[in-house]
Amino acid sequence: MECHLSHPFPNDDVKISAYSYPPVDGRMYVLLTDKACIVVDPANDADAVAMLKRQGIEELKIILTHEHCDHMTGVAMLRDNFNCVLICSTRCSEAILDPRKNLSQFYEFLKMSILERKLGYLEADELRPFSLEADVWFENEYMFSFGNYKIVLVQLPGHSNGGLSMVVNDTNGTPVCLFTGDNLMLDYEVCTRLPGGSRRKYEEFTLPFFRSFKGDVIVYPGHGADCL
């Protein structure tokens with residue numbers, strides 16, 4: 001898959017790359033600092049794995065922004081090649097155990113769409129029901145350090161019941177960037193009609209959270225444009 005961008009943080013000690021998942025115009029984000037890495041919504045991408053091996057990655061955290069299958073097709077590949085910790089919300093951790101709840105049970109609909117568009121780059125064995133187990137899950141918020149930055153995962157319902165956003169704060173506690181998954185996108189309307197979605201919760205909890213950010217904060221969405 002094509003790597004779309006490489007953005008440095010303000011002091012250039014962290015770089016972000018975005019890889020596309022063409023069937024659904026999805027985005028996987030890779031954050032690198034020293035020998036540590038965060039992968040947000042991993043896609044099945046051999047080029048990304050090769051790049052991480054060249055970097056000599058010793059610590060890799062996988063963050064799932066929510067429980068839908070198109071945002072975790074690359075988890076197995078990463079686990080096969082690295083020592084990974086998969087982190088998500090409690091509700092997401094429960095849903096990814098079940099192919100019906102992570103929507104991979106309904107892969108035939110995606111496969112039919114891909115075949116109709118004659119997209120030849122997706123292997124058939126990617127399109128099958130699957131389940132995953134998380135290593136770490138949380139309610140409300142979860143924090144950890146990444147280089148000189150503080151990562152805050154915030155549970156945010158709306159598009160799905162197990163959604164989250166990842167906020168990257170600098171040493172002063174100022175937000176630098178925000179990974180929103182499918183709860184905020186430039187090119188697509190936020191869908192709350194899928195199982196577990198809620199327009200009421202989205203408007204009550206998630207929209208006010210996004211509107212609370214002031215100043216220049218780069219937004220990385222789950223689909224479409226690489227950053228907003």
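Modeller: A polar contact is a pair of N or O atoms within 3.5 Å; within protein, one must be able to donate a hydrogen and the other to accept it, and residues adjacent in sequence count only if both atoms are side-chain atoms. With that in mind, D45 caps the N-terminal end of α1, where one of its side-chain oxygens lies 2.9 Å from the backbone nitrogen of D47. The model is predicted, so local features need pLDDT of at least 70 and side-chain atom pairs count only at pLDDT 80 or more, while totals for chains, interfaces and linings use all residues. Residues are numbered from 1 along each chain as its sequence is written, and side-chain values use heavy atoms, with hydrogens and water left out.

Helix α1 covers residues 46-55, and its buried residues (under 20% relative accessible area, 1.4 Å probe, protein chains only) are A48, V49, M51 and L52. Seen down the axis of α1, these fall within an arc of 160 degrees, taken from the directions from the helix axis to the C-beta atoms, so they line one face of the helix. The face turned away from that buried side carries A46 and R54, which are exposed, meaning over 50%.

Helices (H or I, at least four residues) and strands (E, at least two) are DSSP runs, numbered from the N terminus. Just after α1, G56 takes a positive phi of about 70 degrees.
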